[in-house]
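Biologist: I would like to learn how to read the features of a model one at a time. Please give the general idea before each case.

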Amino acid sequence: MTAAPVRYRPELEQLKPDEAETIAQLNRTFDTILETTHEDYGHAVRAVHAKAHGIVEGRLTIDFDLPAELAQGLFATPGTHRVVMRFSTNPGDILDDAISVPRGLAIKVHDVDGERLPDAEGRTQDFVLVNGKVFQAKDAATFLGNLKLLARTTDVAEGGKKALSALLRGISGALGAIGVESAALQSLGGAPNVDPVGETYYSVVPFRYGDHVAKFSLAPVAPGLLARTGAIVETKGDRDAIRHVVRDDLRATEGEWEFRVQLARDEARQPIEDPTVEWDEQEAPFVRVGVIRTHAQDSWDPVRVEEVNEHRRFSVWTGLAAHRPLGNINRARRDTYRHSAGFREGANRCPIHEPG
(Lines give C-alpha, C1' and ligand atoms only; values in the text may rest on other atoms or scores of the structure.)
Protein backbone atom coordinates (compact mmCIF):
# COMPACT_ATOMS: atom_id res chain seq x y z
CA MET A 1 0.00 0.00 0.00
CA THR A 2 1.19 3.52 -0.78
CA ALA A 3 1.39 6.22 1.90
CA ALA A 4 -1.16 9.02 2.11
CA PRO A 5 -0.40 11.93 -0.23
CA VAL A 6 1.50 14.92 1.12
CA ARG A 7 -0.81 17.82 1.97
CA TYR A 8 0.14 21.09 0.31
CA ARG A 9 1.25 23.89 2.60
CA PRO A 10 3.27 27.02 1.72
CA GLU A 11 6.23 26.09 3.93
CA LEU A 12 7.01 23.13 1.63
CA GLU A 13 8.81 25.68 -0.55
CA GLN A 14 12.15 27.15 0.55
CA LEU A 15 12.95 30.47 -1.09
CA LYS A 16 16.61 31.29 -1.70
CA PRO A 17 17.88 34.77 -0.76
CA ASP A 18 19.43 35.36 -4.20
CA GLU A 19 16.48 34.27 -6.36
CA ALA A 20 15.69 37.75 -7.69
CA GLU A 21 19.28 38.32 -8.88
CA THR A 22 19.45 34.84 -10.41
CA ILE A 23 16.24 35.50 -12.35
CA ALA A 24 17.60 38.85 -13.56
CA GLN A 25 20.75 37.10 -14.82
CA LEU A 26 18.63 34.40 -16.49
CA ASN A 27 16.71 37.09 -18.35
CA ARG A 28 19.94 38.75 -19.48
CA THR A 29 21.29 35.41 -20.68
CA PHE A 30 18.06 34.59 -22.48
CA ASP A 31 18.34 38.03 -24.12
CA THR A 32 21.68 36.92 -25.60
CA ILE A 33 19.95 33.93 -27.18
CA LEU A 34 16.89 35.91 -28.27
CA GLU A 35 18.87 38.76 -29.80
CA THR A 36 21.27 36.41 -31.60
CA THR A 37 18.53 34.29 -33.14
CA HIS A 38 16.49 37.38 -34.03
CA GLU A 39 19.47 38.78 -35.92
CA ASP A 40 20.17 35.44 -37.63
CA TYR A 41 16.58 34.71 -38.69
CA GLY A 42 15.23 38.24 -39.08
CA HIS A 43 12.42 37.06 -36.83
CA ALA A 44 12.20 36.49 -33.07
CA VAL A 45 11.67 32.92 -31.84
CA ARG A 46 11.26 31.34 -28.41
CA ALA A 47 14.27 31.38 -26.06
CA VAL A 48 13.71 27.66 -25.46
CA HIS A 49 11.81 25.10 -27.54
CA ALA A 50 12.15 27.34 -30.57
CA LYS A 51 11.71 24.59 -33.15
CA ALA A 52 8.29 22.99 -33.41
CA HIS A 53 7.92 19.60 -35.09
CA GLY A 54 4.15 19.29 -35.04
CA ILE A 55 1.07 21.09 -33.72
CA VAL A 56 -2.19 19.20 -33.31
CA GLU A 57 -5.65 19.72 -31.88
CA GLY A 58 -7.50 17.23 -29.71
CA ARG A 59 -9.74 16.72 -26.70
CA LEU A 60 -8.88 16.07 -23.06
CA THR A 61 -11.54 13.96 -21.35
CA ILE A 62 -11.31 14.00 -17.56
CA ASP A 63 -12.17 10.67 -15.97
CA PHE A 64 -15.39 10.16 -14.00
CA ASP A 65 -15.47 8.91 -10.41
CA LEU A 66 -11.90 9.85 -9.51
CA PRO A 67 -11.09 9.39 -5.81
CA ALA A 68 -11.02 12.58 -3.75
CA GLU A 69 -7.21 12.84 -3.75
CA LEU A 70 -7.21 12.88 -7.58
CA ALA A 71 -10.37 14.94 -8.16
CA GLN A 72 -8.53 18.23 -7.70
CA GLY A 73 -8.26 21.49 -9.66
CA LEU A 74 -8.88 21.00 -13.37
CA PHE A 75 -9.53 17.31 -12.71
CA ALA A 76 -12.22 17.87 -10.08
CA THR A 77 -14.96 18.11 -12.72
CA PRO A 78 -15.46 15.36 -15.32
CA GLY A 79 -15.87 16.63 -18.84
CA THR A 80 -14.11 17.34 -22.12
CA HIS A 81 -11.87 20.25 -23.10
CA ARG A 82 -10.31 21.25 -26.39
CA VAL A 83 -6.50 21.03 -26.32
CA VAL A 84 -3.64 22.17 -28.54
CA MET A 85 -0.37 20.18 -28.39
CA ARG A 86 3.00 21.47 -29.65
CA PHE A 87 5.86 18.96 -30.13
CA SER A 88 9.29 20.59 -30.02
CA THR A 89 12.94 20.23 -29.08
CA ASN A 90 14.70 22.13 -26.30
CA PRO A 91 17.16 24.66 -27.80
CA GLY A 92 16.47 28.34 -28.43
CA ASP A 93 17.84 28.15 -31.97
CA ILE A 94 16.30 26.28 -34.89
CA LEU A 95 18.78 23.49 -35.50
CA ASP A 96 19.25 20.73 -38.04
CA ASP A 97 17.48 17.65 -36.68
CA ALA A 98 20.75 15.70 -36.83
CA ILE A 99 21.59 17.51 -33.57
CA SER A 100 19.65 15.30 -31.18
CA VAL A 101 18.31 16.93 -28.05
CA PRO A 102 15.43 16.10 -25.67
CA ARG A 103 11.85 16.32 -26.93
CA GLY A 104 9.31 18.71 -25.49
CA LEU A 105 5.52 18.76 -25.47
CA ALA A 106 3.44 21.79 -24.51
CA ILE A 107 -0.30 21.40 -23.95
CA LYS A 108 -2.87 24.18 -23.75
CA VAL A 109 -6.23 23.12 -22.29
CA HIS A 110 -9.12 25.44 -23.20
CA ASP A 111 -12.27 26.56 -21.36
CA VAL A 112 -10.94 26.05 -17.84
CA ASP A 113 -12.84 27.82 -15.05
CA GLY A 114 -11.72 28.52 -11.50
CA GLU A 115 -9.46 30.80 -9.45
CA ARG A 116 -6.45 31.66 -11.58
CA LEU A 117 -2.79 32.22 -10.81
CA PRO A 118 -1.66 35.86 -10.53
CA ASP A 119 -1.52 37.51 -13.99
CA ALA A 120 -2.78 34.34 -15.70
CA GLU A 121 -4.89 35.64 -18.56
CA GLY A 122 -7.70 33.87 -20.37
CA ARG A 123 -9.35 30.56 -19.46
CA THR A 124 -6.61 28.06 -20.26
CA GLN A 125 -4.38 25.64 -18.35
CA ASP A 126 -0.89 25.02 -19.72
CA PHE A 127 1.32 21.96 -19.15
CA VAL A 128 4.95 22.01 -20.29
CA LEU A 129 6.57 18.56 -20.44
CA VAL A 130 9.78 16.85 -21.65
CA ASN A 131 10.68 13.24 -22.38
CA GLY A 132 12.82 12.81 -19.28
CA LYS A 133 12.05 12.28 -15.61
CA VAL A 134 14.51 14.74 -14.04
CA PHE A 135 15.71 18.27 -14.66
CA GLN A 136 19.32 18.91 -15.68
CA ALA A 137 20.08 21.31 -12.79
CA LYS A 138 19.29 21.27 -9.07
CA ASP A 139 18.28 24.94 -8.92
CA ALA A 140 18.02 28.09 -11.02
CA ALA A 141 21.55 29.24 -10.14
CA THR A 142 23.03 25.97 -11.46
CA PHE A 143 20.81 26.17 -14.55
CA LEU A 144 22.08 29.73 -15.11
CA GLY A 145 25.63 28.42 -15.38
CA ASN A 146 24.52 25.82 -17.95
CA LEU A 147 22.52 28.42 -19.86
CA LYS A 148 25.50 30.77 -20.14
CA LEU A 149 27.47 27.96 -21.80
CA LEU A 150 24.59 27.25 -24.19
CA ALA A 151 24.22 30.96 -25.01
CA ARG A 152 27.82 31.00 -26.24
CA THR A 153 27.03 28.20 -28.71
CA THR A 154 23.82 29.74 -30.10
CA ASP A 155 25.58 31.17 -33.18
CA VAL A 156 28.15 28.39 -33.59
CA ALA A 157 28.24 26.64 -36.97
CA GLU A 158 25.97 23.59 -37.14
CA GLY A 159 28.73 21.29 -38.42
CA GLY A 160 30.49 21.38 -35.06
CA LYS A 161 27.22 20.84 -33.22
CA LYS A 162 26.44 17.79 -35.37
CA ALA A 163 29.83 16.27 -34.61
CA LEU A 164 29.44 16.97 -30.89
CA SER A 165 25.93 15.51 -30.91
CA ALA A 166 27.16 12.28 -32.53
CA LEU A 167 29.94 12.01 -29.92
CA LEU A 168 27.59 12.67 -27.01
CA ARG A 169 25.04 10.16 -28.32
CA GLY A 170 27.77 7.54 -28.20
CA ILE A 171 28.70 8.47 -24.63
CA SER A 172 25.06 8.52 -23.53
CA GLY A 173 24.47 5.16 -25.18
CA ALA A 174 27.44 3.64 -23.36
CA LEU A 175 26.21 5.05 -20.04
CA GLY A 176 22.69 3.80 -20.77
CA ALA A 177 24.02 0.30 -21.32
CA ILE A 178 25.13 0.22 -17.68
CA GLY A 179 21.94 1.82 -16.40
CA VAL A 180 23.16 5.42 -16.11
CA GLU A 181 21.39 8.39 -17.69
CA SER A 182 22.66 11.97 -17.81
CA ALA A 183 20.10 14.75 -18.33
CA ALA A 184 22.98 17.22 -18.81
CA LEU A 185 24.61 15.17 -21.59
CA GLN A 186 21.28 14.71 -23.33
CA SER A 187 20.51 18.44 -23.19
CA LEU A 188 23.81 19.16 -24.98
CA GLY A 189 23.03 16.84 -27.90
CA GLY A 190 23.44 13.33 -26.55
CA ALA A 191 19.76 12.39 -26.46
CA PRO A 192 18.52 9.50 -28.62
CA ASN A 193 17.07 10.93 -31.84
CA VAL A 194 13.63 9.43 -31.25
CA ASP A 195 10.25 10.04 -32.83
CA PRO A 196 8.40 12.49 -30.53
CA VAL A 197 4.94 10.92 -30.93
CA GLY A 198 5.95 7.68 -29.21
CA GLU A 199 7.57 9.29 -26.18
CA THR A 200 6.27 9.58 -22.62
CA TYR A 201 6.52 13.13 -21.31
CA TYR A 202 6.97 14.45 -17.75
CA SER A 203 6.60 17.78 -15.98
CA VAL A 204 9.92 17.00 -14.17
CA VAL A 205 9.18 19.68 -11.55
CA PRO A 206 6.32 19.63 -9.01
CA PHE A 207 3.07 21.54 -8.88
CA ARG A 208 0.30 22.08 -6.43
CA TYR A 209 -2.48 19.59 -7.09
CA GLY A 210 -5.32 21.16 -5.16
CA ASP A 211 -4.86 19.89 -1.61
CA HIS A 212 -1.75 17.92 -2.58
CA VAL A 213 1.55 18.09 -4.50
CA ALA A 214 2.19 16.28 -7.78
CA LYS A 215 4.14 15.85 -10.98
CA PHE A 216 2.40 15.24 -14.32
CA SER A 217 2.97 12.85 -17.19
CA LEU A 218 1.50 12.12 -20.60
CA ALA A 219 1.96 8.58 -21.93
CA PRO A 220 1.00 7.20 -25.37
CA VAL A 221 -1.48 4.31 -25.34
CA ALA A 222 -2.80 4.18 -28.93
CA PRO A 223 -1.23 1.27 -30.86
CA GLY A 224 -0.07 3.58 -33.65
CA LEU A 225 1.82 5.73 -31.13
CA LEU A 226 3.27 2.82 -29.18
CA ALA A 227 4.63 1.44 -32.44
CA ARG A 228 6.77 4.59 -32.66
CA THR A 229 8.13 4.42 -29.10
CA GLY A 230 11.92 4.40 -29.32
CA ALA A 231 11.88 4.67 -33.13
CA ILE A 232 14.99 6.53 -34.34
CA VAL A 233 14.46 9.30 -36.89
CA GLU A 234 16.77 9.13 -39.92
CA THR A 235 17.92 12.72 -40.48
CA LYS A 236 20.53 12.42 -43.23
CA GLY A 237 20.04 15.19 -45.80
CA ASP A 238 16.85 16.52 -44.16
CA ARG A 239 17.22 19.22 -41.52
CA ASP A 240 13.46 19.00 -40.77
CA ALA A 241 13.25 15.21 -40.75
CA ILE A 242 11.42 15.07 -37.40
CA ARG A 243 8.67 17.35 -38.68
CA HIS A 244 8.20 15.15 -41.74
CA VAL A 245 8.12 11.94 -39.67
CA VAL A 246 5.59 13.41 -37.21
CA ARG A 247 3.45 14.62 -40.10
CA ASP A 248 3.41 11.15 -41.65
CA ASP A 249 2.66 9.57 -38.26
CA LEU A 250 -0.27 11.78 -37.32
CA ARG A 251 -1.89 11.96 -40.76
CA ALA A 252 -2.63 8.27 -40.42
CA THR A 253 -3.01 7.83 -36.65
CA GLU A 254 -5.82 8.32 -34.17
CA GLY A 255 -3.79 9.53 -31.20
CA GLU A 256 -4.52 8.62 -27.59
CA TRP A 257 -2.43 9.53 -24.55
CA GLU A 258 -3.15 9.02 -20.84
CA PHE A 259 -2.74 12.08 -18.64
CA ARG A 260 -1.27 10.85 -15.36
CA VAL A 261 -0.61 12.35 -11.93
CA GLN A 262 2.13 11.36 -9.48
CA LEU A 263 1.18 12.48 -5.97
CA ALA A 264 4.05 13.09 -3.56
CA ARG A 265 3.85 10.62 -0.65
CA ASP A 266 6.98 11.53 1.34
CA GLU A 267 8.36 15.06 1.73
CA ALA A 268 11.95 13.87 2.01
CA ARG A 269 11.93 11.23 -0.73
CA GLN A 270 9.85 13.30 -3.17
CA PRO A 271 11.44 16.73 -2.64
CA ILE A 272 9.95 19.99 -3.88
CA GLU A 273 13.16 21.99 -4.31
CA ASP A 274 15.44 19.47 -6.05
CA PRO A 275 14.15 18.44 -9.50
CA THR A 276 17.24 16.28 -10.15
CA VAL A 277 15.73 13.69 -7.78
CA GLU A 278 13.46 11.17 -9.51
CA TRP A 279 10.34 10.33 -7.53
CA ASP A 280 10.29 6.55 -7.14
CA GLU A 281 7.20 5.24 -8.92
CA GLN A 282 6.97 2.29 -6.52
CA GLU A 283 6.46 4.72 -3.66
CA ALA A 284 4.59 7.39 -5.63
CA PRO A 285 2.92 5.78 -8.66
CA PHE A 286 1.59 7.66 -11.68
CA VAL A 287 -2.20 7.31 -11.93
CA ARG A 288 -4.44 8.15 -14.87
CA VAL A 289 -6.86 11.07 -14.43
CA GLY A 290 -7.85 11.63 -18.05
CA VAL A 291 -7.09 10.92 -21.69
CA ILE A 292 -6.18 13.12 -24.66
CA ARG A 293 -7.42 11.97 -28.05
CA THR A 294 -6.57 13.42 -31.46
CA HIS A 295 -8.08 12.58 -34.83
CA ALA A 296 -5.87 11.90 -37.85
CA GLN A 297 -4.79 15.34 -39.09
CA ASP A 298 -2.07 17.41 -40.72
CA SER A 299 0.33 18.25 -37.87
CA TRP A 300 1.89 21.04 -39.95
CA ASP A 301 -1.26 22.82 -41.06
CA PRO A 302 0.03 26.31 -42.00
CA VAL A 303 -2.85 28.23 -40.39
CA ARG A 304 -2.53 26.36 -37.07
CA VAL A 305 1.27 26.62 -37.11
CA GLU A 306 1.10 30.38 -37.65
CA GLU A 307 -1.48 30.82 -34.89
CA VAL A 308 0.34 28.76 -32.26
CA ASN A 309 3.95 29.62 -33.10
CA GLU A 310 3.40 33.36 -33.51
CA HIS A 311 0.36 34.30 -31.41
CA ARG A 312 0.57 31.91 -28.45
CA ARG A 313 2.90 31.22 -25.58
CA PHE A 314 3.00 28.27 -23.22
CA SER A 315 3.83 28.87 -19.58
CA VAL A 316 3.51 26.77 -16.43
CA TRP A 317 2.22 29.99 -14.81
CA THR A 318 -0.81 30.12 -17.11
CA GLY A 319 -3.59 28.27 -15.35
CA LEU A 320 -5.39 27.62 -12.09
CA ALA A 321 -4.20 28.52 -8.61
CA ALA A 322 -4.96 24.89 -7.76
CA HIS A 323 -1.99 23.91 -10.00
CA ARG A 324 0.47 26.54 -8.79
CA PRO A 325 4.05 25.72 -9.89
CA LEU A 326 6.29 24.83 -6.93
CA GLY A 327 10.03 25.00 -6.29
CA ASN A 328 12.95 27.21 -7.25
CA ILE A 329 13.06 26.23 -10.93
CA ASN A 330 9.35 26.93 -11.35
CA ARG A 331 9.61 30.26 -9.54
CA ALA A 332 12.35 31.28 -11.97
CA ARG A 333 10.22 30.21 -14.94
CA ARG A 334 7.49 32.69 -14.11
CA ASP A 335 9.41 35.82 -15.10
CA THR A 336 11.66 34.27 -17.73
CA TYR A 337 8.76 32.82 -19.74
CA ARG A 338 6.99 36.17 -19.75
CA HIS A 339 10.25 37.95 -20.61
CA SER A 340 10.85 35.71 -23.63
CA ALA A 341 7.28 36.16 -24.87
CA GLY A 342 7.59 39.93 -24.42
CA PHE A 343 10.73 40.00 -26.56
CA ARG A 344 9.00 38.07 -29.34
CA GLU A 345 5.96 40.31 -29.12
CA GLY A 346 8.00 43.49 -29.43
CA ALA A 347 10.52 42.30 -32.04
CA ASN A 348 7.87 40.78 -34.32
CA ARG A 349 5.27 43.51 -33.63
CA CYS A 350 2.80 40.69 -33.19
CA PRO A 351 0.66 40.48 -30.04
CA ILE A 352 0.69 37.25 -28.02
CA HIS A 353 -2.53 36.54 -26.20
CA GLU A 354 -4.48 33.81 -24.48
CA PRO A 355 -7.70 32.45 -25.99
CA GLY A 356 -10.82 33.74 -24.22
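Modeller: Start with the polar contact: a pair of N or O atoms within 3.5 Å, where within protein one must be able to donate a hydrogen and the other to accept it, and residues adjacent in sequence count only if both atoms are side-chain atoms. The structure here is a predicted model, in which local features need pLDDT of at least 70, side-chain atom pairs count only at pLDDT 80 or more, and totals for chains, interfaces and linings use all residues. Residues are numbered from 1 along each chain as its sequence is written, and side-chain values use heavy atoms, leaving out hydrogens and water.

Biologist: With which side chain does the side chain of glutamine 270 make a polar contact?

Modeller: With that of glutamate 283, at 3.3 Å. A polar atom of the glutamine 270 side chain also lies 2.7 Å from the backbone nitrogen of arginine 265. Glutamine 270 sits in the loop between strand E8 (255-263) and strand E9 (286-294); helices (H or I, at least four residues) and strands (E, at least two) are DSSP runs numbered from the N terminus.

Biologist: Is glutamine 270 buried or exposed?

Modeller: Buried means under 20% relative accessible area, exposed over 50%, and partly exposed in between, with a 1.4 Å probe and protein chains only. Glutamine 270 is buried, because its relative accessibility is 1%. Its contacts (heavy atoms within 4.5 Å), not counting residues up to four places away in sequence, are Ala264, Arg265, Trp279, Glu283 and Ala284. The C-alpha atoms of glutamine 270 and glutamate 283 are 9.2 Å apart, for 13 residues of sequence.

Biologist: What does alanine 4 touch, not counting residues up to four places away in sequence?

Modeller: Ala264 and Arg265, two residues also touched by glutamine 270. Alanine 4 belongs to the segment before helix H1 (19-41). It counts as exposed because its relative accessibility is 59%.

Biologist: Now aspartate 139. Where is the place of aspartate 139?

Modeller: In the loop between strand E4 (125-130) and helix H2 (140-152). A relative accessible area of 13% is why aspartate 139 is buried. Its side chain makes a polar contact of 2.8 Å with that of threonine 142. Leaving aside neighbours within four places in sequence, aspartate 139 is in contact with Lys16, Asn328 and Ile329.

Biologist: How should I read a backbone phi?

Modeller: Most residues other than glycine have a negative phi. Here aspartate 111 has a positive phi, near 60°, and aspartate 119 has a positive one near 65°. Aspartate 111 is in the loop between E3 and E4, and aspartate 119 is also placed in the loop between E3 and E4. Aspartate 111 counts as partly exposed because its relative accessibility is 41%, and aspartate 119 as exposed because its value is 54%.

Biologist: Which are the buried residues of helix H6?

Modeller: In H6 (residues 241-251) they are Ala241, Ile242, Arg243, Val246, Asp249 and Leu250. Their cover includes strands E1 (52-62), E2 (79-89) and E3 (103-109), and helix H5 (223-226).

Biologist: How many cavities of 30 Å³ or more does a search of the whole structure find?

Modeller: On a 1 Å grid over the protein atoms alone, a cavity is a set of points where a 1.4 Å probe fits but cannot get out, a pocket is an open set with protein on both sides within 12 Å along at least five of seven lines, and lining residues have an atom within 4 Å of a point. Grid points are joined across faces, edges and corners, and volume is the space filled by probe spheres set on the points. The search finds 2 cavities. The largest cavity holds about 70 Å³, and its lining includes Trp279, a residue that glutamine 270 touches. The second largest cavity holds about 60 Å³; among its lining residues are Ala50 and Ile242, and Ile242 is one of the buried residues of H6.

Biologist: How much space lies in the second largest pocket?

Modeller: About 210 Å³. Of its 16 lining residues, the closest to the centre are Val45, Ala50, Ile94, Asn309 and Glu310. Helix H7 (residues 302-311) gives the largest share of the lining, 4 residues.

Biologist: And the protein overall?

Modeller: The protein has 8 helices and 9 strands, and 55% of its 356 residues count as buried. Of the contacts with a separation of 6 or more, 78% are between residues 24 or more positions apart.
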